[in-house]
Amino acid sequence: MAQRPVVEKTFKVQAVATMLGISADTVRRDSDEADIKVQRQGGDGPKTRLFTIENVFELAAHRRRKNGLTKRSPLIITVYAAKGGVGKTTSAANIGAAFALRGLRVLLVDLDFQANLTMAFGYDPEVTQEEANELGMDPGAVVKYHFGNLLPQWSKDGSVEPLATVIKKPYGEHGPHLIPSELGFDDLEAIFTLERLMERKPELAIATWLQKGLSGENANVDLSQYDVILFDAPPAKNQATRGAMLGSDFVVTPVSMERFSTKSVSYLAKVLGELQRDHGRFPRMITLANFYDMRRARVAAQVVALTTKYPDAWLEKQIATSEEFRKALSDDVIMPVILSRPSSGPAEELRAVANALLEKMEAA
Amino acid sequence: MANSSSSRSQADLTAELQARLRQSGNATAPAATPIAPAAPARPGNMHMNDAPRGPSRSLQDLVGAQPAAGEAGAASKIMQDVNVPVDLSEIDDSPYQPRTRYDETELLLLGEQLRMQGQDEPVRVRRLTNGRYQLISGHRRVRAARLIGWATIVARILTLEDREAEIATLTSNESHVGLSDFERGCAYQLALDKGFATTQKDVARLFACSQGRVSQCLSVARLPPPLVAMLADYPSLLTYRHAKIVREVLDHDPESLPAVMAAVETMIDEPDLEPEQLRVRCTTKKVGMRTRAKVAIKKTVPDRSGESVFTVRSNNRNLVVNFNDRLSPEQKAEAEKQILAALKGVVESLEVPDNA
């Protein structure tokens, strides 16, 4: 089943090489070796290879097999910032895509009813089935379900949707998988509130879902196939957010280097302290500096404050201010900038961030 | 399909939730936890919470260890004891704490020590069902931390039942720093009354002191009720040696209780009275009309609710005293008067170079 909006954008060999961090020759050799069906440019000129985004991830998967990457238990990550507008969803989408480009099997979970992560992969959660039919869209491009539908708490009788109907694969089987969101997801908070009143510990709902999906107890959801499970949490300090953090090994918090940004990290530290106190489990905090310009005194002051107070959390790679993000948003095809503009400055930074992140998490 | 998502309207959802709530018989709402007041922002030095450290449980431990539905409360049993910063506003005193008075000067010194050296040892607390924390040990440090304006204190959170908490609080070493014989005696008596110990020997073992000491302190706590009532207000009034004299006098002549009371009362103004002098006073008939020069200024601040009556903060040239809102206007006026008088005394004693 095609579970994606139609992406017509294609990539030349050099762009694919940049994305994957390998040489153009290696791209050619490996794609031949893997027998990936790549189109050739039409017309009279040279028959240049034109990779679709699916091809790119097929190649990444092939390289993973070839390099003998062994499967371990997945890294579970929540991307969260108490403050909005700090590049949280942009970071989540790009980091998720960057991990998948490294050949990792990635599951992204959109926990924000505003569904920005879902939209970052080209879905419009407001498009109805009828509209999709009229426009001749792939039925898989319609967002009907969200993460709530996978939790037994969601429905009265405890029934859940099969993972296959909920999950989206915007770039095919080998690209990042996405559990999308839409406006109705917000009802989960009300349900969690009720569960709390009934003393049913809704804060454990996501941890339980993860554990059962990993251990094979939940036949509906096999999470053990993934290398990375990444939740994009809304800026609210709500129950779904706490639940995701409780289930996670790491919480990556993008910090915009502005005044009060240190405060949002302090709020997060407090929430993590509460998790430790109440449950004995908490994710390790990783601060990711955004809009980073060390030449500005105020930025330097924030960096000093954060690295002094939370030295272990600081990620050595940062993302500078860039217009490219905005440009990427106005592109015809919506996809994370790391894919749409692989040779741009931000894409390069994001790849470095994703690599540093992986290194830091694996070292922990 | 059983679980259509986008088609469920808010009204449908509410109706369904209400139905669920009716079905569950146990829809008891836990008491709301009051929101802690934010720590005041200090310019240039914003308060930053500590990130947790130490081990974190695995998902499997977290989920696997959960009790079955309906076993609410049992979860706390399996929780690890951890050190975490806790809001001072969420900490209550232990009702089992033997100390009734806190010396403000000592608290200020302790606060100064906390400020300079940081907190060496976590205080110990347990979580109550209402979400607040109850102190096991660290009553003085908590007060000192409030005095110096801290918002949080590092606490070790223990999972203790009422009885365990009571024993732990009673026998905590720190609970006994500077306690009077009477306060110790009351703690020992309580341990006996509650059945934590059955003999004085048991008490001695429980509190890690000698049996002789137990006997001495109990003798103070077991004085006749009118004297115990007086000691409740002035716990340091009588040592066990004074109590021995009082007992001897009363054994000799039980009718002399009013005279003994009057004699003991004179010690409020003369705390250093020797036991033998007390015997003389108890047996002298003319103690009736004593004159007390002035009301003794209490050095301690009574605060049964567990909060300091005022907090003091000094910052470069400014000294700010904040009174607790629960003080009546009269109490505030009196406290203000006394503080200003004390300040005047300090100012007069200072030698300031004349630069006029």
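## Helices, loops and an interface in a predicted model

Helix α8(B) passes helix α10(B) in a left-handed crossing.

Together with α11 (257-266) of chain B, α10 is included in what covers the buried residues of α12(B). Helix α12 runs over residues 275-283 of chain B, and its buried residues are Leu278(B), Arg281(B) and Cys282(B). Why do they lie on the same side of α12(B)? They cover an arc of only 100° around the axis, so they share one side of α12(B).

Chain B as a whole holds 13 helices and seven strands. It has 356 residues, of which 26% count as buried. Among the contacts in chain B that join residues at least 6 apart in sequence, 68% are between residues at least 24 apart.

Ser172(B) gives one case of residues that are separated in sequence. Its place is in the loop between α5 (162-171) and α6 (181-193) of chain B. Ser172(B) and Gln97(B) are 75 residues apart in sequence, while their C-alpha atoms are 9.3 Å apart in space. Leaving aside neighbours within four places in sequence, Ser172(B) is in contact with Ile136(B) and Ser137(B). Is Ser172(B) buried or exposed? Ser172(B) counts as buried because it has 21 C-beta neighbours inside 10 Å, and the cut-off for a buried residue is 20 or more.

Chain B also touches chain A. How many residues of chain B are in contact with chain A? There are 35 residues on the chain B side, and they are in contact with 43 residues of chain A. The elements of chain B that give two or more residues to its side are α1 (10-23), α2 (59-64) and β1 (82-87). Of these, α1(B) gives the most, with five residues. The chain B side divides into 20 nonpolar, 10 polar and five charged residues.

Most residues other than glycine have a negative phi, and most peptide bonds are trans. Asp35(A) has a positive phi although it is not a glycine, and Ala115(A) likewise has a positive value in a residue other than glycine.

| Residue | Phi | Loop in chain A | Other C-beta atoms within 10 Å |
|---|---|---|---|
| Asp35(A) | about 60° | between α2 (24-33) and β2 (39-40) | 9 atoms |

The surroundings of each residue follow from the neighbour counts. Asp35(A) is exposed because it has 9 other C-beta atoms within 10 Å, where 12 or fewer is the cut-off for exposed.

Definitions and conventions. Residues numbered from 1 in each chain as written. Chains lettered and ligands numbered in written order. Predicted model: local features only at pLDDT ≥ 70, side-chain atom pairs only at ≥ 80, totals over all residues. Helix = DSSP H or I, 4+ residues; strand = E, 2+ residues; numbered from the N terminus. Contact = placed C-beta atoms within 7 Å. Left-handed = near helix turned anticlockwise from the far one by under 90°. Nonpolar A, V, L, I, M, F, W, Y, C, P; charged D, E, K, R; others polar. Arc of directions from axis to C-beta.
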